[in-house]
Amino acid sequence: MTIKIEHRGEIAVVTVDNPPVNALSQVVRQGLLEAAKALDADPSVKAIVLTCAGRTFIAGADVGEFGKPPMPPQLPDLVSRIERAAKPWVAAIHGSALGGGFEVALGCRFRVAVPSASVGLPEVRLGIVPGAGGTVRLPRLAGVESAVDMVTTGTPLGARKAHVAGLIHSLIEDDLVTGAVSFARSILDRPLPDALCDRPVAVPPVGFWEAAERTVSARAKREEAPLKALACVRRAAETDFAAAIAFERETFLTLRGSAQAAALRHVFFAERAATRPPELAGLTPCMIRSAAVIGGGTMGAGIAAALRDAGLPVILVERDDGAIERGLANVRAIFDGAAKRGRISADVAAERMAGITATTDYAALADVDLTIEAVFEDLDVKRDVFARLADNCREDAILATNTSYLDPARIAERIRRPERFLGLHFFSPAHVMKLLEIVPTKATAPEVLATGFSLARMLNKIPVRAGICDGFIGNRILKITRAQAERLLLSGATPTAVDAAMRAFGLPMGPFEAQDLGGLDIAAFQRKAARARGEACFAPIADRLCAIERYGQKSGGGWYDYEPGDRTPRPSEAVAAVIAEEAQGSPRRDWDEDAIADCILWPMVNEGARILADGIALRPSDVDLVKIHGYGFPRWRGGPMHHAEAHGLDAVVETLRGLAGEGLAEPPCDRLLEAARRGGFSEVRR
Ligand code: 3H9
């Protein structure tokens with residue numbers, strides 16, 4: 001039974017049981033509406049406790065229903081019915097009361113919660129605004145400032161803070177339902193507070209809305225929902241309850257059908273599917289209770305910090321005492337930075353650091369469950385590390401490499417029990433970036449692969465399985481992006497125009513600014529290695545810039561010039577001269593922002609399709625997650641594959657054919673053509 005009613009004396013306990021997260025699907029709405037009516041009519045009931053079975057309170061509307069025609073009863077009507085019930089409802093919250101779940105709780109006259117619970121209105125993260133009175137009731141309860149903050153960021157509030165802010169009436173330390181029933185009894189002979197719909201909204205100070213609009217629009221960049229959510233709260237403050245509810249509902253319904261909401265829903269489900277790939281269902285991952293990181297450079301230090309953030313004790317291995325000092329300093333800088341920014345306290349920073357032991361002695365790794373190698377990208381150096389790991393670690397310890405370009409299978413060639421080996425490709429800075437490419441070799445045992453996914457969950461990262469090829473999924477596409485960016489320069493665009501177009505598309509920075517920030521030397525080093533393997537690499541201008549030691553910001557100039565101590569990119573005459581020389585004889589054309597974006601994006605999608613055809617990525621949504629979480633592709637565009645589908649694959653194919661005709665891109669690959677014929681990548685199953 002989805003809705004269960006039980007009587008504890010004069011208190012009725014209504015339990016929602018709709019796994020996994022008690023989403024408000026039609027049957028839940030219907031059941032709650034009927035319960036509200038029945039309990040109003042039952043003279044033995046004086047108050048109602050609303051609680052949920054399983055891991056959480058109601059986590060929101062059923063997002064899976066958003067693409068379908070709405071089915072009655074509507075959530076706003078249910079919330080009003082509970083709010084106007086003849087007897088007081090008490091929401092008893094554990095886990096998360098989110099979105100529609102929190103809106104139901106706001107319809108209840110009282111809210112109690114366990115201290116570990118959280119409440120919030122995360123709708124903007126799905127490209128929508130609350131649609132059942134959240135933006136209208138919350139300012140009446142919490143004040144306009146708090147409501148604006150919660151509604152426009154979507155960030156939930158922990159129960160303790162929510163209690164202080166007056167959103168929760170009481171914290172229940174012991175059994176939630178027992179505590180909630182006692183609470184309900186305690187309010188029976190007291191006058192009831194006004195329902196939220198009957199309360200006024202306190203007027204904010206002069207200039208508040210203008211300041212909020214500036215803050216929200218700067219943060220939202222080109223996302224539509226946060227500013228619309230702000231407009232809803234403003235309407236709640238400036239009109240009566242019914243008019244504000246109508247405005248919110250209209251905004252919700254319009255946004256629900258928007259391209260951004262569709263993209264964000266796609267990402268929402270892709271992220272959840274990524275953590276539990278169906279092909280690994282039923283496998284038991286190995287326990288990870290301790291870890292070691294080999295190499296304390298930027299990557300190694302970031303990985304060590306991520307492991308410590310997840311509570312694992314970490315051994316950091318380096319070559320000598322000097323390298324140990326530098327490695328520890330790198331990790332310390334991460335925790336000190338987090339403490340400075342207020343993300344963690346100084347005590348927590350010290351505790352994280354105390355959990356790291358540094359050594360040069362591989363014998364110290366005799367009992368670790370997991371080792372992650374993050375040393376120099378050189379096959380022999382890495383093989384040497386793994387030979388030592390194999391000699392010193394337990395037979396069942398998992399041995400992982402963080403290589404970004406080398407073939408993990410070749411790194412593992414000589415180790416004993418290669419089934420415990422896999423690639424775990426972190427992105428820099430590893431303690432921040434959400435993406436983890438998990439790269440099994442043919443020998444990797446299924447349980448070891450499954451452990452990669454469970455580790456990602458421990459580290460709060462998005463795992464994506466990648467096959468072995470140059471650059472795996474992400475860097476293979478990055479190579480195409482960079483080549484396209486250079487093709488644009490050779491045919492008449494400037495670095496400034498290309499970067500501006502990609503920022504206008506929604507990327508945090510353009511391809512040339514990004515290279516200047518990261519350093520051109522890293523890619524040059526990789527091209528050198530690739531050419532030594534006999535592979536062709538297209539980077540005529542970047543090669544010339546590296547030859548004159550223009551490596552980016554670190555050398556005072558790269559694609560742009562920089563003034564000392566200033567990171568503002570300035571167009572460079574030296575670079576313009578190199579481009580002009582390299583472009584001699586190439587046909588030139590005019591480029592506007594859209595054409596530039598097409599020339600970069602559609603070849604990325606074409607490569608994504610090839611990656612699928614090669615089995616390097618298993619799902620188009622995996623390619624999307626890689627670009628969003630590893631490379632800053634705008635989440636509200638849904639990733640390149642979703643974006644291409646939403647744009648129309650026929651149009652993508654046509655543009656690619658045009659670019660290929662001008663020598664500016666590869667023609668569409670078979671997989672892309674097939675997807676275009678079938679109307680989407682997901683339809684193409686092998
Ligand atoms: C809304 O409420 C609009 C209203 O204002 C207006 C209406 C008129 N729907 O994350 P997990 C599934 S908008 C459907 O791994 P956790 C999820 O796909 C909504 N399904 O668990 C997964 O399925 P599977 C506002 C949902 O314990 C499974 O549940 N609410 C929904 O790590 C487990 O998910 C939100 O945005 C949903 N709403 O975290 C809250 N939510 O097992 C979104 C989850 O088949 N949800 N699923 O892969 C969350 O933030 C987390 O799920 C939560 C639990 C924190 C609750």
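**Annotated domain, a helix pair and the ligand site**

Colleague: How far apart do the end C-alpha atoms of residues 471-562 lie?

Modeller: This is a predicted model. In it, residues 471-562 are 62% helix and 2% strand.

Colleague: Which feature does UniProt place at residues 471-562?

Modeller: The annotation comes from an unreviewed UniProt entry. For residues 471-562 that entry gives the feature "domain: 3-hydroxyacyl-CoA dehydrogenase C-terminal".

Colleague: Are α18 and α25 roughly parallel or roughly perpendicular to each other?

Modeller: Helix α18 covers residues 474-490 and helix α25 covers residues 620-631. Their axes come within 10 Å and cross at roughly 75°. Angles of 65 to 115 degrees count as roughly perpendicular. The relation of α18 to α25 is therefore roughly perpendicular.

Colleague: How many residues in the contact of α18 with α25 are nonpolar?

Modeller: From α18 the contact takes in Gly474, Asn475, Ile477 and Leu478, which meet Val623, Val626, Lys627 and Tyr631 of α25. Of these residues, two are polar and one is charged, and the nonpolar ones number five.

Colleague: Which residue has a side-chain N or O atom 2.5 Å from an oxygen atom of the ligand?

Modeller: The ligand is surrounded by 28 residues, with Arg55, Gly100, Glu103, Glu123 and Arg272 the closest. Backbone N or O atoms also take part: one of Ala59 lies 2.8 Å from a ligand nitrogen atom, and one of Ala61 lies 2.8 Å from a ligand oxygen atom. The side-chain atom at 2.5 Å from a ligand oxygen belongs to Glu123.

How values were computed: Residues are numbered from 1 along each chain as its sequence is written. This is a predicted model: local features need pLDDT of at least 70, side-chain atom pairs count only at pLDDT 80 or more; totals for chains, interfaces and linings use all residues. Side-chain values use heavy atoms; hydrogens and water are left out. UniProt positions are given in the numbering used here, feature names are shortened, and annotations may be inferred rather than shown by experiment. Helices (H or I, at least four residues) and strands (E, at least two) are DSSP runs, numbered from the N terminus. Axes are lines fitted to C-alpha atoms, for helices over the stretch in contact, and angles run from 0 to 180 degrees between N-to-C directions. Angles under 35 degrees count as roughly parallel, over 145 as roughly antiparallel, 65 to 115 as roughly perpendicular and the rest as oblique. Contact means heavy atoms within 4.5 Å. Ala, Val, Leu, Ile, Met, Phe, Trp, Tyr, Cys and Pro count as nonpolar, Asp, Glu, Lys and Arg as charged, and the others, Gly among them, as polar. A residue is near a molecule or strand if one of its heavy atoms lies within 4 Å of it. A polar contact is a pair of N or O atoms within 3.5 Å; within protein, one must be able to donate a hydrogen and the other to accept it, and residues adjacent in sequence count only if both atoms are side-chain atoms.
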